[in-house]
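Hello,

Here is the structure I promised to pass on to you. Please have a look at it first, and then read my notes below.

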Amino acid sequence: MSDDTILLDELDRRILNALQADSSQTNNDLALAVHASPPTCLRRVKRMVDAGVIERQVAIVSPQKIGAGLTAIVEITLDNQAAERQVEFEVLVAAESAVLQCYRVSPGPDFVLVIQVADMPAYNALVHRLFASHANVRNVKSFFSIHRSKFETRIAV
């Protein structure tokens, strides 16, 4: 267990599982679902938000329904892997809304990105904007999703 790990009891785990299934439920509905009083439930959720256990609550949007149906998993290798150059690249991709996830990885490429765009022309424009014009990007290897068989945001607790 790392120093950042928060100790969770069974009620905390039930709350987290219920919120991961549906974070839009009211505190009263959540309390009923996890068998706790509403004030206890509210206090526990606030504590987990304050501690960073709950980072944020979001709505999950269907990419296809809004015209962003192309998912690309992209490996990026930098020419210079110095720490400041890696941070520079992370800042660059963080500013791009089509980049949904960015992971610094090892071994292999320096980064793996998950990108969601409308279509191949939109992907091509993004590649030229982010990677082709960036002098420190040595290699870009792209994989395109042809079928998503599983997508989950829930973390087992």
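What follows is a short tour, from the overall layout down to single residues.

Please keep in mind from the start that this is a predicted model.

**The overall layout**

The protein has 5 helices and 4 strands. Read from the N terminus, these elements come in the order α-α-α-β-α-β-β-α-β. The protein is more spread out than a compact globule, because its radius of gyration is 20 Å, well over the 15 Å that the globule rule gives for 157 residues. Along the principal axes, the C-alpha trace spans about 55 × 40 × 25 Å.

Buried residues account for 31% of the 157. The exposed surface comes to about 10,300 Å², and carbon and sulfur atoms supply 55% of that. There are 16 positive and 18 negative side chains, with the centres of the two sets 5 Å apart. If you take the contacts between residues at least 6 apart in sequence, 63% of them join residues at least 24 apart.

Leaving aside neighbours within four places in sequence, phenylalanine 131 is in contact with Val74, Ile76, Phe89, Val93, Leu113, Ile115, Leu126, Val137 and Val140.

Threonine 77 sits in strand 1. Is threonine 77 buried or exposed? Its relative accessibility is 17%, so threonine 77 counts as buried, the cut-off being under 20%. Not counting residues up to four places away in sequence, threonine 77 touches Pro109, Asp110, Asn136, Val137, Arg138 and Asn139.

Arginine 138 is exposed, with a relative accessible area of 52%. With residues up to four places away in sequence again set aside, arginine 138 touches Thr77, Leu78, Asp79 and Gln81. Arginine 138 and leucine 78 are 60 residues apart in sequence, yet their C-alpha atoms are 5.0 Å apart in space.

**Two backbone details**

Most residues other than glycine have a negative phi, and most peptide bonds are trans. With that in mind, here are two spots to look up.

Which peptide bond is cis, with omega near -10°? The bond runs from serine 106 to proline 107. Proline 107 is found in the loop between strand 2 (99–104) and strand 3.

The other spot is histidine 35, where phi is near 60°, a positive value in a residue other than glycine. Histidine 35 lies in the loop between helix 2 (27–34) and helix 3 (38–50). With a relative accessible area of 68%, histidine 35 is exposed.

I hope this helps you find your way around. Do write back if you have any questions.

Best wishes

How values were computed:
Residues are numbered from 1 along each chain as its sequence is written. This is a predicted model: local features need pLDDT of at least 70, side-chain atom pairs count only at pLDDT 80 or more; totals for chains, interfaces and linings use all residues. Side-chain values use heavy atoms; hydrogens and water are left out. Contact means heavy atoms within 4.5 Å. Helices (H or I, at least four residues) and strands (E, at least two) are DSSP runs, numbered from the N terminus. The radius of gyration is taken over C-alpha atoms; the globule rule is 2.2 Å times the number of residues to the power 0.38. Buried means under 20% relative accessible area, exposed over 50%, partly exposed in between (1.4 Å probe, protein chains only). Accessible areas come from the Shrake-Rupley method with a 1.4 Å probe; for residues, only the protein chains shown count as cover. Lys and Arg count as positive and Asp and Glu as negative; His and the chain ends are not counted. The place of a charge is taken as NZ of Lys, CZ of Arg, CG of Asp or CD of Glu.
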